[in-house]
Amino acid sequence: MIRPVQFRMNEETAVNNYYQENTGITDANAKAQQEFDGFVAVLKKAGVNVIVIEDDPNNDTPDSIFPNNWVSFHENGDVGLYPMFAVNRRRERRPEVLNIIETSGFEIKNIVDYTSAEDEEVFLEGTGSLVLDRVNRKAYCALSPRADEELVIEFCEDFEYTPVIFTAYQTVEGKRLPIYHTNVMMGIGETFAIVCSDCVDDKKERKSLVNHLKNDGKEVITITEDQVNNFAGNMLQVAGSVDKRYLVMSTAAYKCLTKDQINKIEKHCAILHSDLTTIETLGGGSARCMMAEVFLPGK
């Protein structure tokens, strides 16, 4: 997790991240730091191993708090580096971050670098664009200006995943426009999946998406588009102390869930939530976006 030093609403990402709201919040960075520190405390109290890295104030990277878009860490020691839509987000890719991961006891064997695709204006923003079922080796991807189909397929070939590709939409001023990141409308746990199937307008694509999840033995817990707007799709299952699993989300996401949805989730794992109001409002991302999960082998 990257602690922000220059958090604000990123004008470069707002062109297609319709969850960002310019509400005139003052002291945005200080409030984001407060929310970040509170979130980290919640995770650590549950026994989650969190590596916190300070952002570099010289880079002017307002979205550095969302590291999962530029890097992914894999069980075989591979690290993926990804092409970013916003020019100011490309500065988030810092070699020293990988060095800190290694000094924290993890082994990096190989780097798979897709960043040259930026020269062709082709993008794939890490585990924002890709929701990975690492057990069943499937990569779920909603196509958008930040998720190119050919690059999805290239990733799947390199990392040996089966692509499950569709388009997910949200309603913006009466128009159906592509959702910028897949992980806003769905998330996958070990034995369940959270998904807003209503975001997938094409019936065949919707059926295929749900069937893939069910065929792999996941309980599919559906959420509404209104809940997606409250970041209920932006969740990540993590490991805590004594092999305990948690589904991590923001307090806004938790509060918008129904009792039935909470009961279904809690059959599979406990829930952790933390207030991320400033980060969600200005950044257009939430709890899952703030965590780049590390599956690398230990040294």
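Guide: Two strands pair if DSSP finds at least two bridges between them. Strands (E, at least two residues) and helices (H or I, at least four) are themselves DSSP runs, numbered from the N terminus. The model is predicted, so local features need pLDDT of at least 70 and side-chain atom pairs count only at pLDDT 80 or more, while totals for chains, interfaces and linings use all residues. Residues are numbered from 1 along each chain as its sequence is written, and side-chain values use heavy atoms, with hydrogens and water left out.

The strand to look at is E12, residues 192-195. Phe192 and Ile194 point one way from E12, Ala193 and Val195 point the other way, and all are buried. Buried means under 20% relative accessible area, exposed over 50%, and partly exposed in between (1.4 Å probe, protein chains only). In a regular strand the side chains alternate between the two faces of the sheet.

E12 pairs with E11 (residues 186-188), antiparallel, through three bridges. Three residues lie between E11 and E12, and the two strands form a hairpin.

E12 also pairs with E13 (residues 219-222), here in the parallel sense, over four bridges. Phenylalanine 192 has glutamate 219 of E13 as its bridge partner. With helix H5 (residues 203-215), E12 and E13 make a right-handed β-α-β unit. Right-handed means that, with the strands pointing away from the viewer, the path from the first strand over the helix to the second runs clockwise.

E11 leads on to the largest pocket, as one of the elements that give two or more residues to its lining; the others include E3, helix H2 (95-103), E6 and E14 (236-239). A pocket is found on a 1 Å grid over the protein atoms alone: it is an open set of points with protein on both sides within 12 Å along at least five of seven lines, whereas a cavity is a set where a 1.4 Å probe fits but cannot get out; lining residues have an atom within 4 Å of a point. Grid points are joined across faces, edges and corners, and a volume is the space filled by probe spheres set on the points. The largest pocket has a volume of about 1,000 Å³. It is lined by 45 residues, and the closest to its centre are Gln237, Val238, Glu293, Val294 and Phe295. The lining holds 30 nonpolar, eight polar and seven charged residues. Here Ala, Val, Leu, Ile, Met, Phe, Trp, Tyr, Cys and Pro count as nonpolar, Asp, Glu, Lys and Arg as charged, and the others, Gly among them, as polar.

Another element of that lining, E3, belongs to an open sheet of three strands in the order E3-E4-E5, with mixed pairing. E3 (71-73) and E5 are its edge strands, each pairing on one side only. E4 (residues 78-81) runs parallel to E5, and four bridges join them. Aspartate 78 has asparagine 110 in E5 as its bridge partner.

The loop between E5 (110-113) and helix H3 (126-129) holds glutamate 121. Glutamate 121 is exposed, at 55% relative accessible area, and has a positive phi of about 60° although it is not a glycine. Arginine 137, in the loop between E6 (130-133) and E7 (138-142), also has a positive phi, near 55°. Arginine 137 is partly exposed, at 29%.
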